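This briefing goes through one structure by topic. Please look over the sequence and the model first.

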Amino acid sequence: MDTFEALTSRRSVRSYTNDVITEENLERILAAAEAAPVAMGRYEDLHLTVITDARLLDRIDRATAKMMGDEGKQPLYGAPMLIVVSVRRPEPGRENAVYSSAACVVENMALEAVALNVGACHIWGAIRAVNASNDLAAQLELPEGFIPSCGIILGQTEEEYKQREVARDRIRINYVR
């Protein structure tokens, strides 16, 4: 699969089997995270937490649903794995660089998941819920000074990635020449 095919096949998978991805696929996805562009090469400002503990995933899921105002919802969609990308609390003026780096890490993992046919979905609401709960945040066992920034759920799925047409007018573009 070439890069453009992976880009135009990537989508948010929201249904998972109970099967955790293979260790080999997890290692490839984590290697993709390591290959992400990071502002000023400050990889030490990032931390990954791989969560497969079903009880913790359930607690995060319930806290997120409550925060969203719909306790019957499953914001983690039953995925058996959540990888949280945390950042060293940014210095004033560096927020954009740090948060953009975290997003690049998640996108690299998502694209590798497509190449491996592993279900994946970027996660934002659950990260907000974790940050709102000192108890949940403590469960991540983060290094001192780190805060969750974004995440990705992963798991086996019966859904298939299929290349799609992407409209060229979805994002406004202007040229300054």
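**Helix 4**

Helix 4 counts 22 residues and spans 32 Å from its first C-alpha to its last, close to the 32 Å expected at 1.5 Å a residue. The expected span is 1.5 Å times one less than the number of residues in the helix. Helices (H or I, at least four residues) and strands (E, at least two) are DSSP runs, numbered from the N terminus.

This is a predicted model, in which local features need pLDDT of at least 70 and side-chain atom pairs count only at pLDDT 80 or more, while totals for chains, interfaces and linings use all residues. Residues are numbered from 1 along each chain as its sequence is written, and side-chain values use heavy atoms, with hydrogens and water left out.

- The buried residues of helix 4 are Val98, Ser101, Ala102, Val105, Val106, Met109, Ala110, Leu111, Glu112, Ala113, Val114 and Leu116.
- Buried means under 20% relative accessible area, exposed means over 50%, and partly exposed lies in between (1.4 Å probe, protein chains only).
- The cover over these buried residues includes helix 1 (3–9), helix 2, strand 1 (46–51), strand 2 (81–88), strand 3 (119–123) and strand 4 (146–155).
- Asn117 follows helix 4 and has a positive phi, near 60°.

**Helix 2 against helix 4**

- Helix 2 (residues 23–34) and helix 4 (residues 95–116) have axes that come within 7 Å and cross at roughly 145°. Axes here are lines fitted to C-alpha atoms, for helices over the stretch in contact, and angles run from 0 to 180 degrees between N-to-C directions.
- The crossing of the two helices is right-handed. A crossing has this hand if the near helix is turned clockwise from the far one by less than a right angle, and is left-handed if anticlockwise.
- Helix 2 makes the contact through Asn25, Arg28, Ile29, Ala32 and Ala33, and helix 4 through Val105, Asn108, Met109, Glu112, Ala113 and Leu116. Contact means heavy atoms within 4.5 Å.
- By type, the residues of this contact are seven nonpolar, two polar and two charged. Ala, Val, Leu, Ile, Met, Phe, Trp, Tyr, Cys and Pro count as nonpolar, Asp, Glu, Lys and Arg as charged, and the others, Gly among them, as polar.
- Glu34 is part of helix 2, and it counts as exposed because its relative accessibility is 58%. The C-alpha atoms of Glu34 and Val105 are separated by 7.4 Å, although the two are 71 residues apart along the chain.

**The largest nonpolar core**

- The largest nonpolar core has 50 residues, of which Ile60, Met109 and Leu154 touch the most other members. Such a core is a set of buried Ala, Val, Leu, Ile, Met, Phe, Trp, Tyr and Cys residues joined through side-chain atoms within 4.5 Å.
- Two or more residues come from each of helix 2, strand 1, helix 3 (54–67), strand 2, helix 4, strand 3, helix 5 (125–131) and strand 4.
- Helix 4 gives the most to this core, with 10 residues.
- Not counting residues up to four places away in sequence, Leu154 touches residues including Tyr16, Ile21, Ile29, Met81, Ala113 and Val118.

- Helix 3 has 14 residues and reaches 20 Å from first C-alpha to last, close to the 20 Å expected at 1.5 Å a residue.
- Leu56, Leu57, Ile60, Asp61, Thr64 and Ala65 are the buried residues of helix 3, and what covers them includes strand 1, strand 2, helix 5 and helix 6.
- Glu71 sits in the loop between helix 3 and strand 2, and it counts as exposed because its relative accessibility is 64%. Leaving aside neighbours within four places in sequence, Glu71 is in contact with Ala65 and Lys66.
- Tyr77 is found in the loop between helix 3 and strand 2, and its phi is positive, near 55°. At 28% relative accessibility, Tyr77 counts as partly exposed.

**Other residues**

- Thr49 belongs to strand 1 and is buried, with a relative accessible area of 11%. Beyond neighbours within four places in sequence, Thr49 is in contact with Leu82, Ile83, Val84, Leu140 and Leu142.
- Arg94 lies in the loop between strand 2 and helix 4 and is buried, with a relative accessible area of 14%.
- Glu141, in the loop between helix 6 (134–139) and strand 4, has a positive phi near 50° and is exposed, with a relative accessible area of 69%.
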